[in-house]
Number of protein chains: 2
Amino acid sequence: MYHIGIDLGGTNIAAGILKESDVAPLLFAQARPADDSQPLVRGDSCLLYKDSIPTHPARSAEEIIADAASLARTVAHRAGVDFRDVTSIGFVSPGTVNPLTGIVVFAGNVPFTNFDVKSHLRRHTGIEKITVDNDANAAAYAEAVVGAGHGVRDFLLITIGTGIGGAYVSAGDVQRGFNFAGGEFGHTVIVVGGEKCTCGRLGCAEAYCSVNALIRMTLDEMARADAAGERTLLKDIAEKTSGVNGKTAFDAMREGDKVAERVVSRYIYYLATALTNYINIFQPEILAIGGGISKEGEYLLSPLRRIIYSEMFNHRQSPDKYTKIVTASLGGDAGVIGAALLAVKEWSHKK
Amino acid sequence: MYHIGIDLGGTNIAAGILKESDVAPLLFAQARPADDSQPLVRGDSCLLYKDSIPTHPARSAEEIIADAASLARTVAHRAGVDFRDVTSIGFVSPGTVNPLTGIVVFAGNVPFTNFDVKSHLRRHTGIEKITVDNDANAAAYAEAVVGAGHGVRDFLLITIGTGIGGAYVSAGDVQRGFNFAGGEFGHTVIVVGGEKCTCGRLGCAEAYCSVNALIRMTLDEMARADAAGERTLLKDIAEKTSGVNGKTAFDAMREGDKVAERVVSRYIYYLATALTNYINIFQPEILAIGGGISKEGEYLLSPLRRIIYSEMFNHRQSPDKYTKIVTASLGGDAGVIGAALLAVKEWSHKK
């Protein structure tokens, strides 16, 4: 028995297929200590085949779903799986999704508004068992089952990109809130009266810890250095990449640039503040950081740990009681894998 | 079958007894919609008898436990219950508690440090089945089962006193974190670089939303009014109560005092900021506010709702998808009731 995951994004629709027997023991086994055992399949090796096609978001939701359905047939075919052996499909999108009804309420930059994904996917694939969820929930679930959070009961994924996403997975369940709108970790104020956030509030974590915020801080510091006549590599590096991006400050810092060091320190301090808040509330065994910024690895994690472990409420406990802070391990495949795993969770024969 | 709850505080040890059959259906039934049914027993009417004695915290932990054990015998006796019919005892204290081992790791102003409450209570009562937990967890569990959060799956209690406590209860489980140190809602920074908090961080919610913070704001505004020659009732009211307390500003505001209005607005804005953060993360169906400040009722709740419902991430959802914001309903008995209910949860014959 096989399950397909589909991850709808503003740019691409990605899909992948996995075999139930490869992953079901991971989902339904009791959580084990992190160091006790490795998952049967790790990372994207649980996907037998994956592929993606452009979303073309100017089209109607119906057309997009029709394309997603044929992509599902393609990945099954290429994996050498008879489509009749596909038990279920998991579909995830950004925005507000009601997993009970299978309706995408609102999806941001994809034209899905109160759109009944479940019925449309059923019609286009002939598969009855459809799971619909939010992409951040899927990514966190994937990391919890076969990624950075494997084997622990309490896991938090924070994804840092244009915005800040995240989800908390406890005892194998993604925490969604009663109205499925929870997990908005980025929209928690850390600077009362601070920078305007996309959500309308002032001073949200997203306005200080997202890649967009890092770019703003880099530009601000460049302007300040410029005005003060201070030398910095930031400008040269930015020119090579046709503008400042989320790597610019980290790259310049690694070449010893003092101005860049200030930018990175400032950014990391805000991020540590937000993450310490989450840890004080949840105390997950593992907190994983996903998104592009996680490629900075120890340049990001090491100063983060130093601040968080000295500021968090339980810093006097023994270090084996500290939340482990790591990078996410599934990269861009987390959504597809999570979509498929959420479908396995709902529809597996082993349930 | 009967269960006893014991709530250890810095001033008093409180205990109460309840009947398993009165509460077990509430604990083990599927969560129902809030408006669907009333609990069988509401509030402290689930306690057959309750009593309290002074803690005398200068004594040793052994002496305090011996007294707590005899208080347990007293409440059983006064309730007309044969002590042999007591199935279990739940014991809660402030601080860090490990429910797995029954050890109170650290309890603040009570002399319990790495103290094995479970073994000592067993020895002093002859009762094998002992549950040990944190008092804030117990209070939230009590509110979730027989109080303000009855009947909903996702419930958040925030208790506002000298500090800020709280716990999230989802699907009948208190969320504690992997190391049992979670739920420190007060220790989340909302003002980077702001007021020093008791935990050492700068700008925590506790430093802006606790009763201590409200008192500080009241004193600050009195000094400012004094310096500016502005008339205010705050001083007169404070004199009658031998000093500023958490009611002073609310009382003066109700008499039309403009300076007091500013204090209350400022305080409520910070509190709304913190609560909106929690709602954006958890989206509980009900958020209850406990502690002394909750006696202000609609003077507190109504402006809080106005700010929160306009600032929260999902404010464009229909209002039936909004978190209900209410006051806690069990008052000072929440700890005792919760201690007993946590014991029922762990040891009930119906499990």
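Predicted model: local features only at pLDDT ≥ 70, side-chain atom pairs only at ≥ 80, totals over all residues.
## Strands, helices and a chain contact

L157(A) stands opposite A288(A) in β12(A). Strands count as paired if DSSP finds at least two bridges between them.

Residues are numbered from 1 along each chain as its sequence is written, and chains are lettered from A and ligands numbered from 1 in the order in which they are written.

**Sheets in chain A**

Zooming out from β9(A) and β12(A), we get an open sheet of 5 strands in chain A, ordered β11-β10-β9-β12-β13, with mixed pairing. The edges are β11 (173-174) and β13 (324-327) of chain A, each of which pairs on one side only. As background, strands of a sheet pair through backbone hydrogen bonds, in either a parallel or an antiparallel way.

What does strand β1 of chain A pair with in the parallel sense? The partner is strand β4 (residues 86-93) of chain A, over 6 bridges, and V86(A) in β4(A) is the bridge partner of Y2(A). β1(A) also pairs with strand β2 (residues 12-19) of chain A, in the antiparallel sense over 7 bridges. A hairpin of 3 residues joins β1(A) to β2(A), and L8(A) stands opposite I13(A) in β2(A).

β1(A) (residues 2-8) is largely enclosed by the rest of the structure, because 7 of its 7 residues are buried. Buried here means that 20 or more other C-beta atoms lie within 10 Å of the residue's own; exposed means 12 or fewer, partly exposed is in between, and C-beta atoms are placed from the backbone. Y2(A), I4(A), I6(A) and L8(A) point one way from β1(A), while H3(A), G5(A) and D7(A) point the other way, and all are buried.

| Helix | Residues | First to last C-alpha | Expected span | Buried |
|---|---|---|---|---|
| α11(A), 334-347 | 14 residues | 20 Å | 20 Å | 13 of 14 residues |
| α4(B), 135-146 | 12 residues | 16 Å | 16 Å | 12 of 12 residues |

The buried residues of α4(B) include D135(B), E143(B) and N137(B).

**Where the chains meet**

How many residues does each chain bring to the contact? Chain B gives 34 residues and chain A gives 34 residues, with two residues taken to be in contact if their C-beta atoms, placed from the backbone, lie within 7 Å. On the side of chain B that touches chain A, helix α9 (residues 258-282) of chain B supplies the largest share, 5 residues. By class, that side of chain B divides into 13 nonpolar, 14 polar and 7 charged residues. The nonpolar class holds Ala, Val, Leu, Ile, Met, Phe, Trp, Tyr, Cys and Pro, the charged class Asp, Glu, Lys and Arg, and the polar class the others, Gly among them.

Within chain B, the axes of helix α6 (residues 211-228) and α9(B) come within 10 Å and cross at roughly 145°. Axes are lines fitted to C-alpha atoms, for helices over the stretch in contact, and angles run from 0 to 180 degrees between N-to-C directions. The contact of α6(B) with α9(B) has 6 nonpolar, 1 polar and 3 charged residues.

**Single residues**

I215(A) sits in helix α6 (residues 211-228) of chain A and counts as buried because it has 20 C-beta neighbours inside 10 Å. Beyond neighbours within four places in sequence, I215(A) is in contact with V244(A), N245(A) and G246(A).

Y269(A), in helix α9 (residues 258-282) of chain A, has 16 C-beta neighbours inside 10 Å, so it counts as partly exposed. Y269(A) and I307(A) are 38 residues apart in sequence and 7.5 Å apart in space, C-alpha to C-alpha.

Most residues other than glycine have a negative phi. A171(B) is not a glycine, yet its phi is positive at about 50°; A171(B) is found in the loop between β10 (164-170) and β11 (173-174) of chain B. Q283(B), also not a glycine, has a positive phi of about 45° and lies in the loop between α9 and β12 (286-290) of chain B. Are these two buried or exposed? A171(B) is exposed, with 12 other C-beta atoms within 10 Å, whereas Q283(B) is buried, with 27.

Technical notes: Helix = DSSP H or I, 4+ residues; strand = E, 2+ residues; numbered from the N terminus. Expected span 1.5 Å × (residues − 1).
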